[in-house]
Amino acid sequence: MKKPRIVDAMEHIDEDLITEAVSYRPKRNRIPTATKWIAVAACVTLIISVLTAIPAFLHEDGIMPVFPDENTHNDYPFNGFILTAYAASDEDYTLTENVIADTNAVVMQPHVEILLGKYTPLTSSVPGLPFKFDVEGRYEIEVSVENGSLCRWNQDTGIITNCGNSTSYNKGEILYWGPLLEDGNIENTSTITVVALYNGKIVGKQNISITADDSLFYSACVDDPELS
């Protein structure tokens, strides 16, 4: 019987070729060292960027805030107003053009009466009793009065801007309440109403009651805030 041709052919293959074929191992495609270090550097940079960005999204208490949508008030909840009155140094104090320097700025607390001083608008160089109406957060503030009027006073130029019985408040400014009525009479009592709005919706309100005795010595007292 004849051997198959393939077997016959294999008998003539050089043994060195066979040994080389058996021991052959394909070469692996190695990633260049420089490429590997570039990838590592990119990962480290990404981690550092993330760790650096996290504190910017945290509140002071370390809690991640819930970002507001169109239906929420703000990314900071409304916690009430910061209402400032200018307290007289004593019961004999009469308001002068240096009222801010002569008095003590006091943050008003509910149901605590603050003495403001004696004020007669017809003879005084001051347009009214000074107040500040601030709030934390991105809220609009509206101020209105029951009696009397509000005004702004630029002491550098001496210009007084009458605001009537209501105005929008610019944070940090001083507004003056005057007791003089349109008929020339002086009002002994009034209520200043401060309203905070977010997206046109009222989120808080607080009233300041102003009273005067027979000598026109005025005092102010703030009610509890109404939060929505």
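In this predicted model, Glu226 and Lys205 form a salt bridge, with the closest N and O atoms 3.9 Å apart. A salt bridge here is a side-chain nitrogen of Lys or Arg within 4 Å of a carboxyl oxygen of Asp or Glu. Glu226 belongs to strand 13 (residues 226-227) and Lys205 to strand 11 (residues 201-212), so distant parts of the chain, 21 residues apart, are linked. Strands (E, at least two residues) and helices (H or I, at least four) are DSSP runs, numbered from the N terminus. Glu226 has 44% relative accessibility and counts as partly exposed. Lys205, at 31%, also counts as partly exposed. The cut-offs are under 20% relative accessible area for buried and over 50% for exposed, with partly exposed in between (1.4 Å probe, protein chains only).

Residues are numbered from 1 along each chain as its sequence is written. Because the model is predicted, local features need pLDDT of at least 70 and side-chain atom pairs count only at pLDDT 80 or more, while totals for chains, interfaces and linings use all residues; side-chain values use heavy atoms, with hydrogens and water left out.

The whole structure holds two salt bridges. In the other pair, the side chains of Arg152 and Glu173 meet at 2.9 Å, N to O. Arg152 sits in strand 6 (residues 149-154), and Glu173 in the loop between strand 8 (166-169) and strand 9 (175-178). The pair therefore ties together parts that are 21 residues apart in sequence. Glu173 counts as buried, at 16% relative accessibility. Side chains of opposite charge can pair when their charged atoms come close.

Arg152 has a further partner. Its side chain makes a polar contact of 3.3 Å with the side chain of Thr167. A polar contact is a pair of N or O atoms within 3.5 Å; within protein, one must be able to donate a hydrogen and the other to accept it, and residues adjacent in sequence count only if both atoms are side-chain atoms. Thr167 lies in strand 8. Its relative accessibility is 12%, so Thr167 counts as buried. Residues up to four places away in sequence aside, Thr167 touches Ile141, Glu142, Val143, Leu150, Arg152 and Leu175. Contact means heavy atoms within 4.5 Å.

The protein has four helices and 13 strands. Six of the strands build an open sheet in the order 2-1-4-9-6-7, with antiparallel pairing. Pairing requires at least two bridges found by DSSP between the strands. Strand 2 (104-107) and strand 7 (159-164) stand at the edges with a single partner strand each, so one side of each is left without a neighbour in the sheet. Neighbouring strands are turned by 35 degrees against each other on average, direction ignored.

Strand 9 is covered on both faces. Leu175 and Trp177 are buried on one side, Tyr176 and Gly178 on the other. In a regular strand the side chains alternate between the two faces of the sheet. Strand 4 (residues 129-135) joins strand 9 through three bridges, and Pro130 stands opposite Tyr176. Strand 6 is also joined to strand 9 by three bridges. There, Leu150 stands opposite Trp177.

Strand 1 (residues 81-87) is joined to strand 2 by four bridges and runs antiparallel to it. Thr84, in strand 1, stands opposite Val107 in strand 2. Thr84 is buried at 10% relative accessibility. Beyond neighbours within four places in sequence, its contacts include Val107, Pro130 and Phe131.

Strand 12 (residues 217-222) is mostly covered, with five of its six residues buried. Strand 3 (residues 114-118) pairs with strand 12 in the antiparallel sense over four bridges. Gly117 stands opposite Tyr218 in this pairing. Five bridges join strand 11 to strand 12, also antiparallel, and Thr211 stands opposite Ser219. Four residues separate the strands of the strand 11 and strand 12 hairpin, where Leu216 takes a positive phi near 65 degrees.

Of the 228 residues, 30% count as buried. The average pLDDT, the predictor's confidence in each residue from 0 to 100, is 81, and 69% of the residues score at least 70. Residues 63-71 fall below 50, and this stretch has 10 contacts beyond near neighbours in sequence. Where pLDDT is low, the predicted coordinates should not be read in detail.

Technical notes
Axes fitted to C-alpha atoms, helices over the stretch in contact; angles between N-to-C directions.
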